[in-house]
Amino acid sequence: MHCSIYKSNKKELTYLYINRKDDFSNVPEQLLTTFGNPEFVMVINIDKRKKLAFADITKVRDSLKVDGFYLQLPPQSDVTMQHIRVNNTKL
């Protein structure tokens, strides 16, 4: 399953995952208004990944199948710091 990822131009560290590039038909209009102009980031094959940086991959897959989109909100500050610590130890 491929999905396209967009970042919000209004909300920092907020991302929208959709099933097809530039097809926002399953995304509620109010969410798009709050999200702002979606800025394309990348297309990924979500079936070939075991995890994502800040989102639960199972929730992303399920939401894409059921709702046609997934909204990733900014991580909590302690989660962000933990992610930074883990990735810096690998350098």
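**Notebook: cavity, pocket and rings**

I began with the largest cavity, and by class its lining has 2 nonpolar, 3 polar and 2 charged residues. For these classes, Ala, Val, Leu, Ile, Met, Phe, Trp, Tyr, Cys and Pro count as nonpolar, Asp, Glu, Lys and Arg as charged, and the others, Gly among them, as polar.

A note to myself on the source: this is a predicted model, where local features need pLDDT of at least 70 and side-chain atom pairs count only at pLDDT 80 or more, while totals for chains, interfaces and linings use all residues. Residues are numbered from 1 along each chain as its sequence is written, and side-chain values use heavy atoms, with hydrogens and water left out.

**Entry 1: the overall layout**

I looked up the elements and found 3 helices and 4 strands in the chain. From the N terminus on, they run β-β-α-β-α-β-α. Helices (H or I, at least four residues) and strands (E, at least two) are DSSP runs, numbered from the N terminus. Of the chain's 91 residues, 31% count as buried. Buried means under 20% relative accessible area, exposed over 50%, and partly exposed in between (1.4 Å probe, protein chains only).

Next I checked which strands pair, meaning that DSSP finds at least two bridges between them. Strand 1 and strand 3 are antiparallel and share 6 bridges; here serine 4 stands opposite valine 43 in strand 3. Strand 1 also runs antiparallel to strand 2, with 4 bridges joining them. On that side I noted tyrosine 6 opposite leucine 16 in strand 2.

**Entry 2: back to the cavity**

How many cavities of 30 Å³ or more are there? My search of the whole structure gave 1. The largest cavity holds about 30 Å³ of space. On a 1 Å grid over the protein atoms alone, a cavity is a set of points where a 1.4 Å probe fits but cannot get out, and a pocket is an open set with protein on both sides within 12 Å along at least five of seven lines; lining residues have an atom within 4 Å of a point. Grid points are joined across faces, edges and corners, and a volume is the space filled by probe spheres set on the points.

The residues lining the largest cavity are Ile18, Asn19, Arg20, Asp23, Asn26, Val27 and Gly68. I followed up arginine 20, which is in the loop between strand 2 (15-18) and helix 1 (29-35). Its relative accessibility is 54%, so arginine 20 counts as exposed. The C-alpha atoms of arginine 20 and glycine 68 are 9.0 Å apart in space, though the two are 48 residues apart in sequence.

**Entry 3: the second largest pocket**

I put the volume of the second largest pocket down as about 200 Å³. Its lining has 9 nonpolar, 1 polar and 1 charged residues; among them are Tyr15, Tyr17, Arg49, Phe54 and Gln72. Which strand gives the most to this lining? It's strand 3, with 3 residues.

**Entry 4: rings**

I searched the whole structure for aromatic pairs and got 3. Rings of Phe, Tyr and Trp (its six-membered ring) pair if their centres lie within 6.5 Å; planes under 30 degrees apart count as stacked, over 60 as edge-to-face and the rest as tilted. The rings of tyrosine 6 and phenylalanine 40 have centres 5.5 Å apart and planes at 70 degrees, so I logged the pair as edge-to-face. Tyrosine 6 sits in strand 1 (residues 2-7) and phenylalanine 40 in strand 3, so this pair ties together parts that are 34 residues apart in sequence. Ring pairs link Tyr6, Phe24 and Phe40 into a cluster.

Buried or exposed: which is tyrosine 6? I have tyrosine 6 as buried, because its relative accessibility is 1%. Phenylalanine 40 is partly exposed, at 38%. I also found lysine 21 over the face of phenylalanine 40, 4.3 Å from the ring centre. (A charge sits over a ring if NZ of Lys or CZ of Arg is within 6 Å of the ring centre and within 35 degrees of the ring normal.)

Most residues other than glycine have a negative phi. I noted leucine 13 for its positive phi of about 60 degrees; it lies in the loop between strand 1 and strand 2. Aspartate 22 has a positive phi too, about 65 degrees, and is in the loop between strand 2 and helix 1. At 53% relative accessibility, aspartate 22 counts as exposed, whereas leucine 13 is partly exposed at 43%.
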